[in-house]
Amino acid sequence: MTTATTTDLDDLKWDLRQRLKLLECTLLLNGWVRTQALTETFGISRAQASKDFAVYQALAPENLTYNRSQKYYEPGECFAARLLSGRTSELLDVLGALPGADRPVVALAAAGPNVELLRPLERELDLDILRAVSAAASNGHRLRVEYQSMRRPEPRVIELSPHTLVFSGFRWHLRAYSHEHEEYRDFVLARMANAEPLPNRPGAPREADADWFEEVTLRVGVHPELPAAQQGVTAADYGMVDGERRVTVRRALLPYLLRLMQIEPEREHPDPLIQQICLLNPEVAIRKGWD
């Protein structure tokens, strides 16, 4: 086998690049990685996975350190991502390849229809922050970060116990227990700086986050002031039954889903031709835990 060097990154075959991306992403998010990450996800042999690890080590010699007691690889002290750039869409693509997710069709087999896709502005992730935050969440310890809230003029240093990374449809945030506020809150990754893991300080238990485990059901319906013909078209567009569609969501994620669907009660537009759908049970839309 030809050994890869730091100069032939662009020469990697597509399938190998995807496996190495998952390897690097697992290392980044979990703080460790084994060959099973590749064998179980891609259905390759352990021998092939070992070859892939060797290729990655040749590409980034300082990124992998073998922990003999735990029998896995950890990030080296000078870890620097080689295949991940920090774009939100890129991370979503990698996470979409994990077991249990529907795998996308790679390409149409023949000529298809003309298609144009509009995407919001790409959000950039600081991979060093992502690595520290994700490792703390994966391993159940605390994290000290410098955080710039939109409610304060200056950043402040806070201690968090992270438990879940969340992509809201527009940006990444962290669900975490704030030891300053003594409650679970949401913290935007892009507002964090100087993340310092505190591996010797156990974090707050994820199970204590009541809003994370409580589920609420939204009743989404057609705006009642729409003309009858438009009501029928809108109901069919959203797959409504008897004039409504029910959606179940974690209470902690409720504000983000409402914003994504543009049905926040306090931001409803008075024109039904613009606000074609609405929340039929607005009493469930209670905001809390924002920062």
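1. D52 touches L16, R19, L20, L38 and I44, leaving aside residues up to four places away in sequence; a contact means heavy atoms within 4.5 Å. D52 itself lies in helix α3, residues 46-59. Helices (H or I, at least four residues) and strands (E, at least two) are DSSP runs, numbered from the N terminus. D52 is buried, with a relative accessible area of 1%. Buried means under 20% relative accessible area, exposed over 50%, and partly exposed in between, with a 1.4 Å probe and protein chains only.

2. The model is a predicted one, in which local features need pLDDT of at least 70 and side-chain atom pairs count only at pLDDT 80 or more, while totals for chains, interfaces and linings use all residues. Residues are numbered from 1 along each chain as its sequence is written, and side-chain values use heavy atoms, with hydrogens and water left out.

3. For the chain as a whole, the secondary structure comes to eight helices and ten strands. Buried residues make up 42% of the 291 residues. Of the contacts between residues at least 6 apart in sequence, 61% join residues at least 24 apart.

4. Five strands form an open sheet in the order β6-β5-β4-β3-β7, with antiparallel pairing. Two strands pair if DSSP finds at least two bridges between them. At the edges stand β6 (183-188) and β7 (192-202), each of which pairs on one side only. Neighbouring strands of this sheet are turned by 45° against each other on average, direction ignored. Axes here are lines fitted to C-alpha atoms, for helices over the stretch in contact, and angles run from 0 to 180 degrees between N-to-C directions. Within the sheet, seven bridges join β4 to β5, which run antiparallel, and P162 stands opposite A176 in β5.

5. Helix α4 lies across β4 and β5 and runs at about 80° to β5. In α4 (residues 88-95), T88, E90, L91 and V94 are buried. These residues cover an arc of only 165° around the axis, which puts them on the same side of α4; the arc is that of the directions from the helix axis to the C-beta atoms. As a general rule, an α-helix has 3.6 residues a turn, so residues three or four places apart point the same way. The cover over the buried residues of α4 includes α1 (14-30), α5 (127-139), β4 (156-167) and β5 (172-178).

6. Helices α1 and α5 pack at an angle of about 65°, with their axes 6 Å apart. That angle makes α1 roughly perpendicular to α5. Angles under 35 degrees count as roughly parallel, over 145 as roughly antiparallel, 65 to 115 as roughly perpendicular and the rest as oblique. From α1, L28, L29 and N30 meet L127, L130, R131, S134, A135, S138 and N139 of α5. The residues of this contact divide into five nonpolar, four polar and one charged. Ala, Val, Leu, Ile, Met, Phe, Trp, Tyr, Cys and Pro count as nonpolar, Asp, Glu, Lys and Arg as charged, and the others, Gly among them, as polar.

7. Three strands form a further open sheet in the order β9-β8-β10, with antiparallel pairing. Its edge strands are β9 (244-250) and β10 (277-279), each pairing on one side only. The twist averages 30° from one strand to the next. Three bridges join β8 (residues 215-222) to β10, and the bridge partner of G221 in β10 is C278. Helix α8 (residues 254-261) packs on this sheet, touching β8, β9 and β10, and its direction makes about 15° with that of β8.
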